[in-house]
Amino acid sequence: MVNTVNSLKKFGDKMNAASKILLGILCAVLTVIVIAQVLVRLFFNFNFTWVEELSIHLFIWQTMIGSAVATKYLGHIGVDVVVNKLPHKIKRGVQIVAYLFLIGTMVLFGITGFQFMLSQSTQYAVTIHYSMLMIYISVPLGCAMMIYHATVQLLELIFIGEIEVPENI
């Protein structure tokens, strides 16, 4: 089972590398369009009507993909002061329960996001006129990635005994 966990971790590493590239591209695009909007408004007293809407949509994608990356790096907020003082077996049990809760929550959030995505698939963005499906799909996709990383970490905790924290983001 250790080999399976290690294989799953390698796939997670590749998915995470692609996620970081996507986050970089999204951040760069967001930065360029917001700065361009500010400069055009400042020097030409003109507004691009689509910048605000696109900025919000890019930010939604960044939030969901970034949350998956944070899950991979154990970067979400946690209160571990008490848990770290527990005996090893109890600490491990608490961590397993916490992962099961996280995975369950992400499954519910992902299902709800998927249902909402389907119900809104006929809507179009107001200023750019693309399907809102392109925005709402970020929620189930981000949840699926978080579920994957959390499941691999849970398996690592169960079969290896502890979670290896990646060193660099």
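A: A pair of aromatic rings is described by the distance of the centres and the angle of the planes. Rings of Phe, Tyr and Trp (its six-membered ring) pair if their centres lie within 6.5 Å; planes under 30 degrees apart count as stacked, over 60 as edge-to-face and the rest as tilted. The structure holds four aromatic pairs. It is a predicted model, in which local features need pLDDT of at least 70 and side-chain atom pairs count only at pLDDT 80 or more, while totals for chains, interfaces and linings use all residues. Residues are numbered from 1 along each chain as its sequence is written, and side-chain values use heavy atoms, with hydrogens and water left out.

Q: Why is the pair of Phe 11 and Tyr 148 edge-to-face?

A: The planes of Phe 11 and Tyr 148 stand at 75° with the ring centres 5.5 Å apart, so the pair is edge-to-face. Helices are DSSP runs (H or I, at least four residues), numbered from the N terminus. Phe 11 lies in helix H1 (residues 2-44) and Tyr 148 in helix H6 (residues 138-159), 137 residues apart, so that the pair links distant parts of the chain.

Q: Is Phe 11 buried, partly exposed or exposed?

A: Buried means under 20% relative accessible area, exposed over 50%, and partly exposed in between (1.4 Å probe, protein chains only). Phe 11 has 48% relative accessibility and therefore counts as partly exposed.

Q: Which geometry do Phe 116 and Tyr 136 show?

A: Phe 116 and Tyr 136 are also an edge-to-face pair, with 4.9 Å centre to centre and 75° between the planes. This pair joins helix H4 (residues 88-119), which holds Phe 116, to helix H5 (residues 133-136), which holds Tyr 136. Phe 116 is partly exposed, at a relative accessible area of 39%.

Q: Which residues do ring pairs link into a cluster?

A: The cluster consists of Phe 46, Phe 48 and Trp 50. Phe 46 sits in the loop between H1 and helix H2 (51-72) and is partly exposed at 44% relative accessibility.

Q: What do the buried residues of H1 pack against?

A: Contact means heavy atoms within 4.5 Å. The buried residues of H1, among them Val 5, Gly 12 and Leu 26, pack against H2 and H6.

Key
Helix = DSSP H or I, 4+ residues; strand = E, 2+ residues; numbered from the N terminus.
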